[in-house]
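Dear colleague,

Please find below the structure that I am passing on to you. My findings follow directly after it.

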Amino acid sequence: MNVRSQVSMVFHLDKCIGCHTCSIACKNIWTDRKGAEYMWWNNVETKPGTGYPTKWEDQSIYKGGWQKTEGGENEISLRGAGKRKGLLNIFHNPNMPVIDDYYEPFTYKYLDLIESPSMDDQPTARPVSLITGRPIDIKMGPNWDDDLSGTQDFARKDPNLENLSPAEQEAMFQLERMAFFYLPRICNHCLNPACVASCPSGAIYKRGEDGVVLINQNVCRAWRMCVTACPYKKSYYNWNTGKSEKCILCYPRIEAGYAPACMHSCVGRIRYLGVLLYDADRIEQAAASDDSELVQKQLDLLLDPCDPAVIAAAKENGIADSTLHAAQNSPVYKFVKEWKLALPLHPEFRTLPMLFYVPPLLPVMATIREKIKDQKLHDIAKDWEDTWLYDTSTQELWGAIDQARFPLKYMANLFSNGDQNLMKEKLLKLMAVRIYRRHKTVGDVTEEKSNQVLKEAGLTPKMAEAIYALTSLAKFDDRFVIPAAHREQAIEMMEFTGDVKGSTGFGFKDQTAKRGL
Amino acid sequence: MKILISIVTISFFFGQFVFADFNQAESLMKKSDCLACHSKTQKIVGPSFEEISKKYKNEKNASTQLTQSVIKGSQGKWGAIPMPPHPTLNEKDAQTMIEGILSLANTEENSKKKEKNEPEASTFDPTTVTQVDIEKGQFYFEGRLRFQNRGPSCIACHHVKNDAVIGGGILAKDLTSVFSRLGGRGVQAILGQPPFAVMEQAYLDHPLTPDEIYALVAFLNDADQKHLYQTPKDYGAGLVLSGVFGAIVLMVFFLFIGARRKRFSVNQDIFKRQIKSQ
């Protein structure tokens, strides 16, 4: 057992209201620079939708992530890179997104509004490209398909619809049945990062003490293999500095004990951050496991921080007591392992992402069924005066998950590699907690029924209370359990700090990275 | 008394003649490196002593002028090859040498008789050279064989027009016809005692051994003899055509590689139908 620690995250999608505050917070801090205008280290997508960059999930276009090696037993290789492919494509990277796949960043000539002379027409602020500086027609934005806008062009082309039958797809986009949810995305800080594996310069590394994946700006040589290799398209090329950049999980903030900007600013308080302990020896095995057990193998990597054997092994590996303590109180561990509520996004890319999502219950809440004549409707059920009935009451929720207006299959394609049972299990748990709380607060559900559904979902009343508390009542320190950074120790492992004794900080302030071309 | 004075005067002059004796000068020169480039009768690298004495026969202050030339070095009087300076020689010895040399003009006839009896010391003889020597010399020249004292190979600075040698340096003179210009002894002398500043520095701590010099001279002699028959190959229009053909092949190759590139946005069809303001 080779125990390592990782600062990982949980996003509770039911709570996301799609306000993009996280994206703006991140933009203001990190990517409001020349060459980085088009980058959104944090972005919020509407699902179903094609996302940013367009169709990033479709690896037949972008060739990101890992795949099982043909003929190789339990071996994986990068889909878009490798020794032979690298040699064939040397100095040439054919599968990169073009700028229009992201969008051409723009601003408006606001000064024209103020400085315009008096005339018959109102002045307008024309959009100008932030790349060329010339006036442009805005073609696209980072959330162009927000709230299902342009459904024909975007939502219907969602790559996750692939395994759904045409009838199922059609049903999803009927006006009365339409549902969507938001999917905030940042770098997953994967355990098996494809970007690290693909970099010819060795510029990308996963930080030992907290697992943050970083690009060394002094080593990056603009190969852009990471842009191709990252299946989540979360590595971006800065055309001004000639270096690639990505989410740094606000490591300067984490080291100082603050939550990352996107998490700190989150209005819906959907984000949780905490330490997970994992077994580094089994990463390769987990990443190369069969499709059916991929999710389970990844979750099995995560170790119980209260297990004495794990603690002993962790201490042997030099993991600090403060980190262990943080791991024991980690909200992420609770969501992912204790309550088994959260799942990784697109585990089939085999990068073992360490950002987990609690799937949204909302789009499946209202059930749809044919109205039966003269049937007594529940008080809060809506009757749309046609043959379809939308029942948003809790009365029939339990049996209705299979008839949810949002196909389970779609959600399973996103979070569980197509495993609908796994998806259903999570949704049932979420629903059970709701029913339990409804019994507690509204009282229209009997205790007998609430206990029964909890049991069926594999929860206890105590667990349900804890889930409810961490979901709805959690304060800042409950959501973000950030271990004290032992940066000095991490540095001392690699360099002799006595060399820079007397200089400011640890003396690792490098000069501004210069263009390496 | 007059007789006594005249005897003293004559003996003084006679003594002067005895003092300006070439043999004594030669023995001094043997101690220094003069004989590497000069000989009594033949031009090697520098002019022969007889030529020098002839040229300066009627110049009054030839002795002091030449003494300075020996000590400080000189260039331009006998051609482009410079005479290296010899600052370690003392002025008296140098003057002895010069006067010995100048005295040759007077005793020319005698010396000519003597010369015929002198055997030619270690002269390069092309007839005894074997193919092995030439090849060895070529290897030394090209640097395929390293000089024993780790001196730089000739090809670093020199070129020789020879089919065996691909392309030499252009920092120093083309050595194709060096044998015709300087002769065997001349080349030998230069290699043993380089008179050029850069070459002297290069071989100061890495002198060539006599074997190496012999092999190199053999090679240079061979190159000199053969160079007339060795013309660069003429490809004619074939060179241009192969260039054009190669360019086309490369273009097709690059086109083939580039064809797989993702050139358009995934949203291209959406963008196409958007209304444009300009």
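Three salt bridges are found across the interface of chain B and chain A in this predicted model. In a salt bridge with an N to O distance of 3.6 Å, the side chain of K157(A) meets that of D269(B). Polar contacts between chain B and chain A number nine residue pairs, with both residues at pLDDT 80 or more. On the side of chain B that touches chain A, helix 11 (237-258) and helix 12 (268-273) of chain B each supply at least two residues. Helix 12 of chain B gives the most to that side, with four residues.

As to the extent of the interface, 24 residues of chain A and 19 residues of chain B take part in the contact. About 1,600 Å² is buried between chain B and chain A, and 49% of this area lies on carbon and sulfur atoms. Of the area that chain B buries against chain A, 35% is supplied by K262(B), V266(B) and F271(B), more than by any other three residues.

In soluble globular proteins, nonpolar side chains tend to be buried together. The largest nonpolar core in this model has 141 residues, of which M263(A), F356(A) and F415(A) touch the most other members. Helix 18 (residues 420-441) of chain A contributes the largest share of this core, nine residues. Domain 1 (3-103 + 140-255) and domain 2 (362-476) of chain A each provide at least three residues to this core. Another core, of 32 residues, lies apart from it; its members include L175(B), V187(B), A189(B) and L208(B).

Which residues does M263(A) touch, not counting those up to four places away in sequence? They are M9(A), F11(A), I186(A), L249(A), R271(A), Y272(A), L273(A) and F480(A).

One residue of chain B may also be of interest to you. Q138(B) is located in helix 7 (residues 131-142) of chain B. Is Q138(B) buried or exposed? Its relative accessible area is 12%, and Q138(B) therefore counts as buried, since the cut-off for that class is under 20%. When neighbours within four places in sequence are left aside, Q138(B) is in contact with R144(B), A164(B), V165(B) and F219(B).

With kind regards

Methods:
Residues numbered from 1 in each chain as written. Chains lettered and ligands numbered in written order. Predicted model: local features only at pLDDT ≥ 70, side-chain atom pairs only at ≥ 80, totals over all residues. Heavy atoms only, no water. Core = buried A, V, L, I, M, F, W, Y, C linked by side-chain atoms within 4.5 Å. Buried < 20%, exposed > 50% of the residue type's maximum accessible area, 1.4 Å probe, protein only. Domains from an automatic or database assignment. Contact = heavy atoms within 4.5 Å. Buried area = accessible area lost by both parts, 1.4 Å probe. Salt bridge = Lys/Arg side-chain N within 4 Å of Asp/Glu carboxyl O. Polar contact = N/O pair within 3.5 Å; in protein donor to acceptor, adjacent residues only side chain to side chain.
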